[in-house]
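Colleague: Hi! Could you walk me through this structure in plain words?

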Amino acid sequence: MALRDEIRRVIEESGVVLAPDLDDDASLIRSGVLDSTALFQLVLWAEERTGGGLDLTTFELAEDWDTVAKLAAFIAARSNGRA
Amino acid sequence: MGYEIIAYTPELDAAIAQLQTHLWSEDAARNAAYLAWKYTHNPCAPEPMITLALSDGKLVGMRGLFGMLWEVDDAAVHPLPCPEDLVVLPEHRNRGVMSRIMHACLDDAARHGYRFAVSLSAGPVTYVSSLASGWRAPGSYQLMVRQPSMSPVLQGVRTLLRGRGLGRLAAALGRRFAPGPFAHLDRMNTGPGAVTVSRMPRPADMAALVARLAWDGRIRHVRDARYLAWRFQNPLHEYRFLFWDEGGLQGYLVLQRYLAKWADRTRVNIADWEGDERVRAALLAAALEHGRFAQLSTWSAGATESTRAVLHDAGFALAPADDVRGRSQGLLVRGLGEAAGGARWLLGRRDLLNIADWDLRMLYSMMA
């Protein structure tokens, strides 16, 4: 599964209904599409996907994860070839 | 679906108590008492600051601003609100209502003239969402836990029962041999030597002791008699007080446990602990000897090296923080209004973003 599809799946599994035509650059966090529970599920998934040790205070969550495209880039950069 | 964001009015008390059966406790009457205690009778805030969300006239969400008074260095007092009690009905989540409530709540705080807000009781979910909405994390509370209690034989029997699908029997066995967390302590009617145990605080004596003891000027909550008289009336918690008297009160240790059904009711927290080193060590030793707690926890972030050593010697160890759940428990600070863009977030001369500038105690949070 492509990383972007995987991200959408994780978000939808936490109860968020994403429009099928939602752009990869559409805001998820700043727009309020993701509530706290959905964001937390995403963090849990991201930590597992990147091999653990995710320190949320070392980057700007709302900025660096605000879109599917940004989050995919973040995960890919930290996955050390696992993406 | 449209949502209306409104400010608190007392007419909504019953609806709030019912809404908070999703967060505070399963008992609406207990929740009503908690609401009144926390927001109406709080001596640190002139009026309740609560933001609510309505949908078709029905209450579906809430965020409160709990008033706190902090002091630094020359004992200058700074009111800082603490956002808490965020709840949205499950069927209204993921629709942006949480975000709207939180923004409205913080805008309200800025309008009231507050420059900063602090958050001390955020669970992992709220902690993460706070980092995504302008909050900053000075550091972890460094929770220390002591879990001695159950004998290896009893523990082995319970494990065996669980392994055979007899979990309820295992739990009953645990309750039989590990009764209510204060049961042993309550038998200590007259303490050894200078130590006594009580169900009631001694606000005037405790406040006088705090005022008399040396203080390094780090950020701490005001602990005057009025605050201490109110603080331990929390209807969701139960407290025990160990006092050390020697020509007047020389030290105290406050223990707390949860009452809500879904909370971990075996866990006991050290909410506050005062006195010189000798007295504090003696109070802890008495609590451990007579309390025989299944699980005793405290924050160590604000503790001195000698206090950490006392805790370590008594069998406390830092709680594991292997995953994001374990690391998402700590102090949060947010600038409000113009202060949000400031280069440094200061309270007096103290840096709000430096955990070393805080004299943290679990007492200051609603975790205890």
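Modeller: Happy to. One definition before we start: an axis is a line fitted to C-alpha atoms, for helices over the stretch in contact, and angles run from 0 to 180 degrees between N-to-C directions. This is a predicted model, where local features need pLDDT of at least 70, side-chain atom pairs count only at pLDDT 80 or more, and totals for chains, interfaces and linings use all residues. Residues are numbered from 1 along each chain as its sequence is written, while chains are lettered from A and ligands numbered from 1 in the order in which they are written.

Colleague: Thanks! How do α2(A) and α4(B) cross?

Modeller: The axes of α2(A) and helix α4 (residues 124–131) of chain B cross at roughly 90° and come within 8 Å. That makes α2(A) roughly perpendicular to α4(B). For angles, under 35 degrees counts as roughly parallel, over 145 as roughly antiparallel, 65 to 115 as roughly perpendicular and the rest as oblique. Helices (H or I, at least four residues) and strands (E, at least two) are DSSP runs, numbered from the N terminus.

Colleague: Which residues in α2(A) and α4(B) meet?

Modeller: From α2(A) there are Ser36(A), Thr37(A), Leu39(A), Phe40(A) and Val43(A), and they meet Pro124(B), Val125(B), Thr126(B), Val128(B) and Ser129(B) in α4(B). Two residues are in contact if their C-beta atoms, placed from the backbone, lie within 7 Å. By class, this contact of α2(A) with α4(B) has six nonpolar, four polar and no charged residues. Here Ala, Val, Leu, Ile, Met, Phe, Trp, Tyr, Cys and Pro count as nonpolar, Asp, Glu, Lys and Arg as charged, and the others, Gly among them, as polar.

Colleague: And the whole contact, how many residues does it take from chain A and from chain B?

Modeller: It takes 19 residues from chain A and 16 residues from chain B. On the chain A side, α2 (36–49) and α3 (61–64) each supply at least two residues, and α2(A) gives the largest share, eight residues. That side of chain A divides into eleven nonpolar, six polar and two charged residues.

Colleague: Switching to chain A itself, how many helices and strands are there?

Modeller: Chain A has four helices and zero strands. Its radius of gyration is 12 Å, close to the 12 Å that the globule rule gives for 83 residues, so chain A is as compact as a globular protein of that length. The radius is taken over C-alpha atoms, and the rule is 2.2 Å times the number of residues to the power 0.38.

Colleague: At what angle do α1 and α4 of chain A pack?

Modeller: Helix α1 (residues 3–13) and helix α4 (residues 68–78) of chain A pack at about 115°, with their axes 9 Å apart. That makes α1(A) roughly perpendicular to α4(A). Leu3(A), Arg4(A), Ile7(A) and Arg8(A) of α1(A) make the contact with Val68(A), Leu71(A), Ala72(A), Ile75(A) and Ala76(A) of α4(A). By class, there are seven nonpolar, no polar and two charged residues in it.

Colleague: Now chain B. What does the domain assignment give?

Modeller: Domain 1 (4–140 + 329–355) and domain 2 (144–323); such bounds come from an automatic or database domain assignment. The centres of the two domains of chain B, taken over C-alpha atoms, are separated by 27 Å. Their contact takes 23 residues from domain 1 and 17 residues from domain 2 of chain B.

Colleague: Which element gives the largest share of the domain 1 side?

Modeller: β3(B), with five residues.
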